[in-house]
Amino acid sequence: MKRWKIGRWIGVAGAVAMGTVSCVSMKTYRQTQTRALRAERQTEALRLEIEQLHEQRAALEAQYDLLDSTQSSAAELRALLAERTRALAEVRRLLGEALRGFDSEGLTVSERGGMIYVSMDEKLLFESGKSEVSPEGERAVLQVAGVLARNPNIRIMVEGHTDNLPYRAKEGDQIVDNWDLSVHRATAVVRILLRENGIEPKRITAAGRSRHAPVATGNSETARAQNRRTEIILTPDMDRLMELLQQAY
């Protein structure tokens with residue numbers, strides 16, 4: 001009897017112990033699983049945070065590179081503007097010296113809008129209604145050419161201008177109106193400029209403006225005489241300057 005009771009109590013105790021162990025193991029498992037899930041979520045959160053930090057770093061580096069590039073471009077832009085101003089001043093000085101003897105013959109050198117204008121009256125270059133350059137006019141143009149040959153970074157525009165009186169074409173005349181006359185006069189000056197070694201044709205543009213860009217108003221003979229002119233317009237090469245301005249905007 002005693003042995004049976006003892007065995008029964010041992011069985012009961014064993015069952016209780018096994019149940020306790022089972023409960024403890026399940027609880028531990030669930031706690032471990034919870035901690036694992038929490039750690040996994042924390043790891044994912046850290047991964048996302050690291051990705052965001054990498055993106056922020058890349059954005060900051062891009063901004064820094066842009067700022068550095070912008071500052072470099074701004075410095076280059078200032079240097080180019082300073083060089084442009086210096087080049088214009090030097091060319092104007094040289095032209096003033098080269099053309100000093102033509103001051104009283106209808107030739108002026110001026111600066112407007114960042115460009116140098118060498119303006120020559122009709123009386124210096126051409127007979128009325130003609131497009132052949134006179135010997136004195138040719139000498140003046142060659143003086144200009146000598147300066148421009150020593151300054152290869154200067155671009156050249158030659159513009160012919162007439163007054164507002166209609167051109168009277170003659171039989172067999174190749175010139176039919178003021179447009180034709182202004183173009184022929186501009187190209188005649190260009191051909192003289194190109195005689196000077198050092199002036200490449202790609203630097204030059206010839207244009208005829210007819211009567212549509214007057215410098216004097218009215219119909220007086222004085223006003224018409226001022227409008228009958230040929231202008232050599234000089235500007236520094238601005239390709240790099242324009243490229244930087246386009247980058248800035």
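**Close-ups of a predicted protein chain**

Residues are numbered from 1 along each chain as its sequence is written, and side-chain values use heavy atoms, with hydrogens and water left out.

**View 1. The whole chain, before zooming in.** The protein chain holds 6 helices and 5 strands, in the order α-β-β-α-α-β-α-β-α-β-α. Here helices (H or I, at least four residues) and strands (E, at least two) are DSSP runs, numbered from the N terminus. Of the 249 residues, 29% are buried (under 20% relative accessible area; exposed is over 50%, partly exposed in between, with a 1.4 Å probe and protein chains only). Take contacts (heavy atoms within 4.5 Å) between residues at least 6 apart in sequence: 69% of them join residues at least 24 apart. The accessible surface comes to about 16700 Å², with 55% belonging to carbon and sulfur atoms; these areas come from the Shrake-Rupley method with a 1.4 Å probe, and for residues only the protein chains shown count as cover.

**View 2. Helix α4 and what covers it.** α4 spans residues 178–193, and its 16 residues reach 23 Å from first C-alpha to last, close to the 22 Å expected at 1.5 Å a residue (1.5 Å times one less than the number of residues). Its buried residues include N178, L181, R185, A188 and I192. An α-helix has 3.6 residues a turn, so residues three or four places apart point the same way. Among the elements covering the buried residues of α4 are α2 (122–125), α3 (135–149), β3 (154–161), β4 (204–208) and β5 (229–236).

View 3. L194 sits in the loop between α4 and β4 and is partly exposed, at 34% relative accessibility. Leaving aside neighbours within four places in sequence, L194 is in contact with I199, E200, P201 and I204. The C-alpha atoms of L194 and I204 are 9.0 Å apart, with the two residues 10 places apart along the chain.

View 4. α3 has 15 residues and reaches 21 Å, close to the 21 Å expected. Buried here are G137, A140, V141, V144, A145, G146, V147 and L148. In the loop between α3 and β3 comes N151, buried at 15% relative accessibility. A polar atom of the N151 side chain lies 2.9 Å from the backbone oxygen of V147. Not counting residues up to four places away in sequence, N151 touches V91, L94 and R203.

View 5. S210 lies in the loop between β4 and α5 (221–227). Phi of S210 is near 55 degrees, a positive value in a residue other than glycine. S210 is also buried, with a relative accessible area of 3%.

**View 6. R112 over Y117.** R112 lies over the face of Y117, 3.7 Å from the ring centre. A charge sits over a ring if NZ of Lys or CZ of Arg is within 6 Å of the ring centre and within 35 degrees of the ring normal.

Methods. Predicted model: local features only at pLDDT ≥ 70, side-chain atom pairs only at ≥ 80, totals over all residues. Polar contact = N/O pair within 3.5 Å; in protein donor to acceptor, adjacent residues only side chain to side chain.
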